Amino acid sequence: MEQHWATVCALILALSAFVHSDIAFAAEKDGDLTAKSGVCPRRLWGFGMCAEFCIKDSDCPKDEKCCHNGCGHECMAPYTVKPGRCALPQGTRMCAEFCYHDGQCPEEQKCCKTSCGHACSEPC
């Protein structure tokens with residue numbers, strides 16, 4: 001019975017690799033003339049949903065790019081570094097990831113470390 005599950009897992013893995021390479025080949029074949037400027041953000045932890053919400057940048061609104069989320073593809077704000085510096089974390093303990101990079105923050109705000117995560121705040 002244990003060998004059966006190993007075979008099923010191997011088949012699922014092979015199928016997902018085939019689907020992923022087929023999508024990548026289709027985008028490459030088109031020359032992806034719709035690529036938007038910027039770079040996809042690097043995921044710091046975990047995996048996104050294992051679904052294809054986009055195939056190329058033109059599938060995404062505004063300046064968002066179609067990025068690999070660790071399992072599938074989804075629209076994300078491009079990685080951005082805004083001018084200024086983040087203040088040292090202070091105050092109450094906030095353990096949540098509200099942002100990963102400056103591009104996810106409004107206007108001039110930067111994505112800064114909190115006591116235990118990251119959040120958008122005004123630069124100093």
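Where does Y79 lie?

A: Y79 lies in the loop between β2 (73-76) and β3 (110-113); helices (H or I, at least four residues) and strands (E, at least two) are DSSP runs, numbered from the N terminus. The model is predicted, with local features requiring pLDDT of at least 70 and side-chain atom pairs counting only at pLDDT 80 or more, while totals for chains, interfaces and linings use all residues. Residues are numbered from 1 along each chain as its sequence is written, and side-chain values use heavy atoms, with hydrogens and water left out.

Y79 has a relative accessible area of 46%, and is therefore partly exposed. On this scale, buried means under 20% relative accessible area, exposed over 50%, and partly exposed in between (1.4 Å probe, protein chains only). Together with V39 and V81, Y79 makes a nonpolar surface patch of about 320 Å². Such patches consist of residues with over 30% relative accessible area and no salt bridge, with like charges joined within 9 Å and nonpolar side chains (Val, Leu, Ile, Met, Phe, Trp, Tyr) within 5 Å. Accessible areas come from the Shrake-Rupley method with a 1.4 Å probe, and for residues only the protein chains shown count as cover. A salt bridge is a side-chain nitrogen of Lys or Arg within 4 Å of a carboxyl oxygen of Asp or Glu.

A disulfide is a covalent bond between the sulfur atoms of two cysteines; the cut-off is a pair of cysteine sulfur atoms within 2.5 Å. A search of the whole structure finds 8 disulfides, and two of them are described next.

C86 is joined to C112 by a disulfide, with 2.0 Å from S to S. The torsion about this S-S bond is -75°, and the link is left-handed. C86 is partly exposed at 31%, whereas C112 is buried at 3%.

A further disulfide joins C99 to C111, with an S to S distance of 2.1 Å. With 95° about the S-S bond, the link of C99 and C111 is right-handed.

C124 presents another case. The closest cysteine sulfur to that of C124 is in C86, 7.4 Å away, which is too far for a bond. C124 counts as exposed, at 58% relative accessibility.

H73 is buried, with a relative accessible area of 13%. The side chains of H73 and E52 are joined by a polar contact of 2.7 Å; a polar contact is a pair of N or O atoms within 3.5 Å, where, within protein, one must be able to donate a hydrogen and the other to accept it, and residues adjacent in sequence count only if both atoms are side-chain atoms.

Finally, a disulfide joins C50 to C71, at 1.8 Å from S to S. The torsion about its S-S bond is about 110°, so the disulfide is right-handed. C50 lies in the loop between α1 (2-29) and β1 (65-68) and C71 in the loop between β1 and β2, so the pair ties together parts that are 21 residues apart in sequence. C50 is exposed at 63%, and C71 is partly exposed at 31%.
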